[in-house]
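Please look over the chain below before reading on. The report then takes up its open spaces, its surface and its charged pairs in turn.

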Amino acid sequence: MKSIFFKSVFFFFIVLQLQAQELLPFVENYSKSDYQGDNQIWNVVQGNDNAMYFANNHYLLRYDGVKWEKYTLPNKTIIRSILIEGDKIYSGSYKEFGYWYRKDGTMHYVSITKNLRLFDEKDNEEIWKIFRYNGSLYFQSFNDVFIYNGKTIKKIKFPFLISYCFAVDKNLYVASVQKGIFKMNGKHIANPKGWDILKNTVVHAIEKYKNQTYIFTQKKGVFIAEKNGLKAWNNPLNEILKSATINVAKFIKGNKLIIGTGNRGIVILDLTTNLYKNIERQNVLMNNSILSIGLDRENDLWLGLDNGIAHVEVNSPISIFYDNSGILGSVYSVATTSKGYLIASNHGVFEYGSGKFSMMPNTQGQGWNIAKINDRFIIGHNDGTFSYQNGSLSRLNNVSGGWNLSKSSINNTYFQSTYSGILVYDNPSDLSQYKLIKGLAKPIKYVAQNRRNEIWAADNYRGLYRVLLDDEYKTKKIENVTQQSNIKNDFGIKIFEFRKEILFLIDNTWYTYNSISNKLEENELFNTNFKNVSDVVAIDEDHFMVLQNGILYHIYAQGNKFIWNIIQEKYYKGKLINENLRIFKNQNHYLFNLDDGFISLQLEYENKQNAKIKIEAFSDNTLVANNPKIKFNTELRINVISGIYGASRPNLFYKLNSNKEFLPISDGLIVLNNLSSGFHSVEIYKHDGATYDQVSDFKFKVAEPWYFSFWMVSLYILIIASVLFLYYKWNKLRYIQKLKLQAEELKHQREILEMELKTENELNLQEYEKHILELELQTKSSEVAGKSLSIAKQSEMIENIQNILDSEKDFNKLKSEIKKAIKINEVNKHEWEIFETNLNQIHNEFIITLTKKFPNLTPKDVKLCVYLKMNLSSKEIAPMMNISFRGVELHRYRLRKKLNLTQDENLSKFLLTL
């Protein structure tokens, strides 16, 4: 009971709160943060260059669909009015009017009133309107009109305050604030007969439509001029307009009247059906105060608001249902009823009619799908399936989650895919009766049938099933066809029936079933024509919609030929519900759901994309022509301008340097950075979804980097040449120095060699002399030894004689023996002298050293020292010195004293050290 109570309260609240948002033209709002200007937009016109121009207080705004530009007058005054004449944009401001022209990608201003004293010092005049009449331009302020014929300016001053002047056919009307409307003839003015009702009334527009003149007042509504005066416009809207405050009005193509108000936004009246639509802040408009209305060449509206700009596509084949309140929620399905619309959203099921919509009872929760069977609407809901007919709602069953309802192509049977499987409605006249397909109790998203006793089912997650049935829809066999066909990525399969043939969209590839091989095989026709498609929804037998790379295309099939029509992404960007795009066809229109509403599109819609493309390229904020040369490492911004702002705006791509990849052009702008030096080309293509058609190109050259410029290269060459020259000179100098060094080195080496040779020769000579000396020394040593031996023999002889004298008694015999011994051992005096000489030569250095150290030594002492150095014993020395052994010992004793030797020191060792 508590749950029912809360549901009832919620339903009542929804009925009270929801105010219906009717189908409206698509509106693009531009805030001052977009165009970086002021609040008010006083005037809107389209130039001959297809750009839109706006009088925005201190700025003249320009918008070409790609970028916004803003310009100020030299005197920084407020711009109130603009008018296009050829390539000139005339503007009026405070005590100033002139014209603008575009050159080199920027606007330039020329003053007409400069140095002309048209305005008195006490005047406080602003030019509020510019118009052409009788071949001259009229610049109108609140007190004066300035008539400019291209050469001279004529000033007409009025004796009263005026609001606006209106040129209608050949008539010129002047609207005063207090005295009503005057008709101007040259310098003469007069009130038209019967127009006195307009006195003390502000008139904001006078327009002619079907030979009738309409006068739009600020607060008294609309009047129609007749022969004898004025009559109030006989339309129920007139009473609404009196309180809305009319600011501006205009008749446009398609029998429509546009009225901009001060507090109710804009009113679009269809004069054929007498139905109107009100676009205001409550639905989609950014501001309710309309200051100006402009038309572009697509006959769409540009609104100058009190704060911002709005582009309203009144001539577009697309209309949109907006739900800005958020109460409706995300729309999953919509259908047209006799009273309005039936809407299934994630909040419930809503009925729309008579300008209001309300939630259907007991439908709170997720609604999935609305399908029509005869005159009944079948609604798949989270809580079951409902039937809606003639404003009443009934529940058919409680099976949860009726995602989709599809009709068999071979009979009148309907299949419903649900959370728990497939329901079969084989009797459309009694939909309360259904059958459940056994063996497939799982979430099924799509079902289709084109053969008897066989249906196809796509799992909500992954897998495609072929279900074989008997005539009573009892399951005979279930096959997982994607497994049989070895298709690994079988997530999110779409089933699409085209001319009674069932196709399967699996991982962006199209398949059909081959009943012979019992496997899926790729479909050549669709894979050739529909690449990179992620979703497909049927409209009717010859029309369907595909989603390709995030863009929707309406496809019209003519035989095996497909005509693509792009649906601009701006209508649904970020608003499509993934995997849940549903279409409802109603006569010559069809509807498809959005996250915050739905779109209505004409079935025979044909988007003839404009092929005329203008390219403006800027480098360093300077406009460059085709085939320019730009600096290295400089950003190049290419504006691709179509001049189209509405539904037929082309879908553009580009290729850089003829690469294979087509790159999308985002918002008409191509930004190129880090380009290599050399020639480059940008090719612009129009893409309809199937083919790419080249519509323009832009070629340019990137200069070499500054360090590769002609002068820098020349400098490099000069530096290199200088370095090479200096290197050459340095090398030459080094070579010369090297030669000198080599010569000096050779000379030095020669000298060294000579010295070495000389030294070697001297050494050789010394060695030779040494060798000779050694030989001589050996010889003398031999002689000394011989002499020593001789002396020893003599000593022996003397000893023998002594022995003979001691032993022989016989004198004669003794004499004879002595003579014999003397003769045998006689020492030659000459030999002794030679011995001493040789001995002195051998020990010459020793003798010199000894005599230097001990100069008090006698020759005998020296001789004894030599003998001792020769390591001779005292016994051997005695005969050589011709003294006794005892005498040698005594001599040695004396020698030790002379040499100052102690008792412990050895005399022979001491002499050896000298």
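What follows is a short tour of a predicted model.

## The largest pocket

The largest pocket of this predicted model has a volume of about 1,300 Å³, and of the 41 residues that line it, the closest to its centre are Leu-405, Ser-406, Lys-407, Ala-538 and Ile-539. Several strands give two or more residues to this lining, among them β31 (331-336), β35 (367-373), β39 (404-407) and β51 (533-538). Sorted by class, the lining of the largest pocket holds 20 nonpolar, eight polar and 13 charged residues.

Rolling a probe the size of a water molecule over the atoms shows where empty space is left. A search of the whole structure finds two cavities of 30 Å³ or more. By class, the lining of the largest cavity has six nonpolar residues, one polar and one charged.

The second largest cavity has a volume of about 30 Å³, and Asn-369, Ile-378, Ile-379, Gly-380, Gly-402, Asn-404, Leu-405 and Gln-416 line it. Here β36 (376-381) and β39 each supply at least two lining residues, with β36 giving the most, three residues. Its lining counts three nonpolar and five polar residues, with no charged ones. Leu-405 belongs to this lining, and Leu-405 is also among the residues closest to the centre of the largest pocket.

## Surface and interior

On the surface, Trp-706, Tyr-707, Phe-708, Val-713 and Ile-717 form a nonpolar patch with about 530 Å² of accessible area together. Trp-706 sits in the loop between β66 (692-702) and α6 (710-807), and with a relative accessible area of 62% Trp-706 is classed as exposed, because that value is over the 50% cut-off.

Leu-230, in strand β22 (residues 229-232), is buried instead, with a relative accessible area of 17%. In helix α10 (residues 859-869), the buried residues include Asp-861, Val-862, Leu-864 and Cys-865. The helix α10 is followed by Asn-871, whose phi is positive, near 65 degrees.

## Salt bridges

Side chains of opposite charge can pair when their charged atoms come close. The structure holds 31 salt bridges. In one of them, the side chains of Glu-28 and Lys-570 meet at 3.5 Å, N to O; Glu-28 lies in strand β2 (residues 27-30) and Lys-570 in the loop between β54 (561-567) and β55, so this pair ties together parts that are 542 residues apart in sequence. Glu-28 counts as buried at 19% relative accessibility, whereas Lys-570, at 26%, counts as partly exposed.

Arg-102 forms a salt bridge with Glu-616, the closest N and O atoms being 3.5 Å apart. Because Arg-102 lies in strand β9 (residues 96-103) and Glu-616 in strand β58 (residues 614-619), the pair ties together parts that are 514 residues apart in sequence. Arg-102 is partly exposed, with a relative accessible area of 22%, while Glu-616 counts as buried at 5% relative accessibility. Both residues belong to a network of salt bridges that links Asp-49, Arg-62, Asp-64, Lys-67, Glu-69, Arg-102, Lys-614 and Glu-616.

Methods:
Residues numbered from 1 in each chain as written. Predicted model: local features only at pLDDT ≥ 70, side-chain atom pairs only at ≥ 80, totals over all residues. Heavy atoms only, no water. 1 Å grid on protein atoms, 1.4 Å probe; cavity = no way out; pocket = protein on both sides within 12 Å on 5 of 7 lines; lining within 4 Å. Points joined across faces, edges and corners; volume = space filled by probe spheres on them. Helix = DSSP H or I, 4+ residues; strand = E, 2+ residues; numbered from the N terminus. Nonpolar A, V, L, I, M, F, W, Y, C, P; charged D, E, K, R; others polar. Buried < 20%, exposed > 50% of the residue type's maximum accessible area, 1.4 Å probe, protein only. Patch = residues over 30% accessible without salt bridge, like charges linked within 9 Å, V, L, I, M, F, W, Y side chains within 5 Å. Areas by Shrake-Rupley, 256 points an atom, 1.4 Å probe, with all protein chains shown as cover. Salt bridge = Lys/Arg side-chain N within 4 Å of Asp/Glu carboxyl O.
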